[in-house]
Amino acid sequence: MRLVFAFAFGLLFGIGILISGMGNPAKVLNFFDFAGTWDPSLAFVMGGALLVTAIGYRLVFRMQKPLLAQSFSLPTKQDLDTRLLGGSAIFGIGWGLSGFCPGGLIPVLGLGMSGPLLTAAAIAAGIVSARWMIRLNYGGQPAGA
Amino acid sequence: MTDFTPLLSFAGGTMIGLAVVALMAVHGRIAGINGIVSGFLTTHLTQDWAWRAAFLAGMVASPLIMLGVTGQLPSISIPSSPLLLAVGGFLTGVGTTLGSGCTSGHGVCGMSRLSARSIAATLTFMATAVATVFLTRHVFGG
């Protein structure tokens, strides 16, 4: 049952990505291009998602626990460290080069085009490389958020 | 040029938000796509692996369901060369793993909880993405 719900939520997320334009790199790169062919559409994606999530999360966190799990899994770190900011800076450079963030890319994989598949393989390689760097430097596990 | 699509983009955003809220309500999990992909890339095939695989399968199936409902596939246009896709993808994987999140994890889930870490991360990756596009399109390119 948990898996059926997870599939359905992934489907909903993916359709939202495709309708919104987040899966279209031309649109994403134009959103970043203030000095050129600026397309502000993606601000509306963020606005819609944040509006629903901010209200929805408040309602959900009134529940004792999730419907099909023992507890809510939430990040507990509070401090702004160099790993957070440096990693985010690197991600932004990557996003600006390819036009694909992870959430925008995965639904597009379903179209079977070669460019997105190449990007996905590169992201996987990056994830594995960064985990290795983290193990070497921090001796800890990467926190997925 | 791409068309300005405020209504469609807002509607898509609300669907993303609904999926994010539903995953928290039912599974108690943050819908950070990079975190889900990262948890999927493991050799330990536990229950946690299974829901992530199911969520990702739903995402990958979304274009086909859209085709079935609307009769057309979304238009995707990729301006970047394969080299830029590979380099950009690699940096995306490295950066989101070191930074513990991407557009969905920090930008949607974290910012909606008013997490200081997520707000700082989102401002940072938005700023470097804008700077990168400025450099590739207006300084070195075009």
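Two residues are in contact if their C-beta atoms, placed from the backbone, lie within 7 Å. The model is predicted: local features need pLDDT of at least 70, side-chain atom pairs count only at pLDDT 80 or more, and totals for chains, interfaces and linings use all residues. Residues are numbered from 1 along each chain as its sequence is written, and chains are lettered from A in the order in which they are written.

**View 1. Helix H1 of chain A.** H1(A) covers residues 2-20; helices are DSSP runs (H or I) of at least four residues, numbered from the N terminus. Of its 19 residues, 14 are buried, that is, with 20 or more other C-beta atoms within 10 Å of their own. Just after H1(A), A:Gly21 has a positive phi of about 100 degrees.

**View 2. The packing of H1(A) with H5(A).** The axes of H1(A) and H5(A) (residues 102-109) lie 9 Å apart, at an angle of about 100 degrees. The two helices are therefore roughly perpendicular (65 to 115 degrees). A:Gly14, A:Ile17 and A:Leu18 of H1(A) meet A:Gly103, A:Gly104, A:Ile106 and A:Pro107 of H5(A). This contact has 4 nonpolar, 3 polar and no charged residues; Ala, Val, Leu, Ile, Met, Phe, Trp, Tyr, Cys and Pro count as nonpolar, Asp, Glu, Lys and Arg as charged, and the others, Gly among them, as polar.

**View 3. The side of chain A that touches chain B.** Here 107 residues of chain A are in contact with 108 residues of chain B. H1(A) gives the most to this side of chain A, with 18 residues. By class, the side has 66 nonpolar, 33 polar and 8 charged residues.

Methods:
Axes fitted to C-alpha atoms, helices over the stretch in contact; angles between N-to-C directions. Parallel < 35°, antiparallel > 145°, perpendicular 65-115°, else oblique. Buried ≥ 20, exposed ≤ 12 C-beta atoms within 10 Å, placed from the backbone.
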